[in-house]
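Good morning, colleagues. I would ask you to keep the structure in view while I speak, as I shall go from one group of contacts to the next.

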Amino acid sequence: MSGRTERGAVERRRHRLALPLAALALLPTPAFAHASDRGHVLLLPTGYYLVGGALAVAVSFLVLALLPPATLDNFWRRRLPLSTFGDAPRTLISLLSFAGFALLVAAGVLGSRDPLSNPLPLMVWTLLWAGFTLLQGIFGDLWAWLNPWYGPWRVVSRLFGRHGDETQPSRLPNGLGFWPTFVLFFAFAWFELIDPAPDDPARLAYAAGIYWLASYIAMLVVGYDDWSKRGEFLTVFFAMVARFAPFERHEGRLSLGWPGAKLLAAEPLPPSGTAFLLLALSSVSFDGLSKTFFWLGLFGINPLEFPGRTALIGIGSFGLVLTFILLAVVFALAVFLGQRLAGDAQSFGKAAGLLVWSIVPIALAYHIAHYLTVLLVDGQYALVALSDPFALGWNLFGTANRMVEAGVVAGAESAWWLWNVQAGVIIAGHVLAVLVAHGLAWRLHKQPSRAALSQLPLTLLMIAYTILGLWLLATPTAG
């Protein structure tokens, strides 16, 4: 398949008409195929994987219950010093990122209307949301350097003689907690999963541009630190994912530790922060669930005659909310029962706010497994589109004529290795979540026996979610 789907004089005429047509982007549009749609069904003996994954998580719990706390604590504390570097380039890197973002928004309005030829949808849904999350989970908080707000904020702050937020009192009420972030992330998830045309380049360009401007104004009003830590959902989400990364930077010193070690030092989150992390997991889970034959059958929809996203807005909105509520209720019940089994006097809010950090490895693992095929295929389209962002026949990076190899995720051999990688990531994420949960439980319960008992309901939840995650990856889907 050619990476370019629109060429020649027709495209140039469309380019000249792009500005007057861009105003129509906010009107109802036909549904484009969203970047996260899975391209094939895995018909393998998944029952063995389901049982094996559940047993792996269960055995991990049993082993940890028998280990002395000091043994695991020494394991988590190990660090390998690497190098030292400062924050001097951060402003410049952020300004370059902002310039790239502005060009992408312009390409969304002026470039091709084909989502697989325009770089904006491919950058947002494939390279940023699907790919960059993986980088955050491996290398740490790269987003703190690359986000397109920090540099412009620093420039304006210096022009007006404001040298930072650290000397100013917080202008964002503490009672708000992470609720602004929760609301914005829900809106983002709804746009990605429910909106009829999240891949429409012009539509996405307006949404991204308005969001950047609104966030920038909020940072100028309440302060960069306050809004980026409790209001801007991408920064909050990426920072939470970065806590899983084995790389750690402290006071300019970079070191290498174990994946998930930084989660053990996290402070308990308020209820709003707990809700945010659960929403991050439930939204990706619903993305997989919403296209399954099982889900569509519940509403009398023939999956072989998929009606399109526009016809499913109500059902999708209901499902997105329901999935979050179910996960929140089950998680709260697991924590509550764990506290009762442990017989300790710890408050429920503190226990839930601390143990929710164990969700991070699960959310990251399912995010990687769910979007792996997207990254492998649409990532190639992104390389093509970036060479010719405005569909003018450019070849900036020498990749404009690259052939996209969709066969990397097609065929029996590809299905075998792809499924095994996805299943392995899911199982490893849940095993690491059990490890992290035990380390956090020892902070709540000083007696090892009570800590182990408190984790029994949460471990059962993780086993169930392991089975659900593997089933979602293997079950037939439509759309």
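A search of the whole structure finds 29 aromatic pairs, a pair being two rings of Phe, Tyr or Trp (its six-membered ring) with centres within 6.5 Å; planes under 30 degrees apart count as stacked, over 60 as edge-to-face and the rest as tilted. One of them joins Trp129 and Phe237, and this pair is tilted, with 5.0 Å from centre to centre and 40° between the planes. Trp129 belongs to helix α6 (residues 119-139) and Phe237 to helix α12 (residues 233-242), so the pair ties together parts that are 108 residues apart in sequence. Helices (H or I, at least four residues) and strands (E, at least two) are DSSP runs, numbered from the N terminus.

Before I continue, a word on the source. This is a predicted model, in which local features need pLDDT of at least 70 and side-chain atom pairs count only at pLDDT 80 or more, while totals for chains, interfaces and linings use all residues. Residues are numbered from 1 along each chain as its sequence is written, and side-chain values use heavy atoms, with hydrogens and water left out.

The rings of Phe132 and Phe238 have their centres 5.3 Å apart, and the pair is edge-to-face because the planes stand at 80°.

I turn to charges placed over rings. The criterion is NZ of Lys or CZ of Arg within 6 Å of the ring centre and within 35 degrees of the ring normal. The charged end of Arg90 sits over the ring of Tyr150, at 3.8 Å from its centre. Arg243 has its charged end over the ring of Trp357, 5.2 Å from the centre.

Arg90 also brings us to helix α5, as it is one of the buried residues of that helix; the others are Ser94, Phe101, Leu104, Val105, Ala107, Gly108 and Val109. Helix α5 (residues 90-110) has 21 residues and reaches 30 Å from its first C-alpha to its last, close to the 30 Å expected at 1.5 Å a residue. The expected span is 1.5 Å times one less than the number of residues.

Next, the salt bridges. How many does a search of the whole structure find? There are 4, a salt bridge being a side-chain nitrogen of Lys or Arg within 4 Å of a carboxyl oxygen of Asp or Glu. Arg79 forms one with Glu248, the closest N and O atoms being 2.9 Å apart. Arg79 lies in the loop between α4 (69-77) and β1 (80-84), whereas Glu248 lies in strand β2 (residues 247-250), so the pair ties together parts that are 169 residues apart in sequence. Arg79 is partly exposed at 36%, and Glu248 is partly exposed at 24%.

Asp195 forms a salt bridge with Arg203, with the closest N and O atoms 3.2 Å apart. Asp195 is buried at 5%, and Arg203 counts as buried at 16%. In the salt bridge of Lys291 with Asp287, the closest N and O atoms are 2.7 Å apart. Lys291 is buried at 12%, and Asp287 is buried at 2%.

Glu248 leads us to the strands, where two strands pair if DSSP finds at least two bridges between them. In β3, the bridge partner of Glu248 is Ser255. The strands β2 and β3 run antiparallel and are joined by 4 bridges. Their hairpin has 2 residues between the strands, and Glu251 takes a positive phi near 55° there. Strand β3 (residues 253-256) is also joined to β1 by 4 bridges, and these two run antiparallel. Thr84 has Arg253 as its bridge partner in β3.

Ala275 is buried, with a relative accessible area of 9%. Which residues does Ala275 contact, leaving aside its neighbours within four places in sequence? They are Trp179, Phe182 and Phe324, where contact means heavy atoms within 4.5 Å. The C-alpha atoms of Ala275 and Gly353 are separated by 9.3 Å, and these residues are 78 apart along the chain.

How values were computed
Buried < 20%, exposed > 50% of the residue type's maximum accessible area, 1.4 Å probe, protein only.
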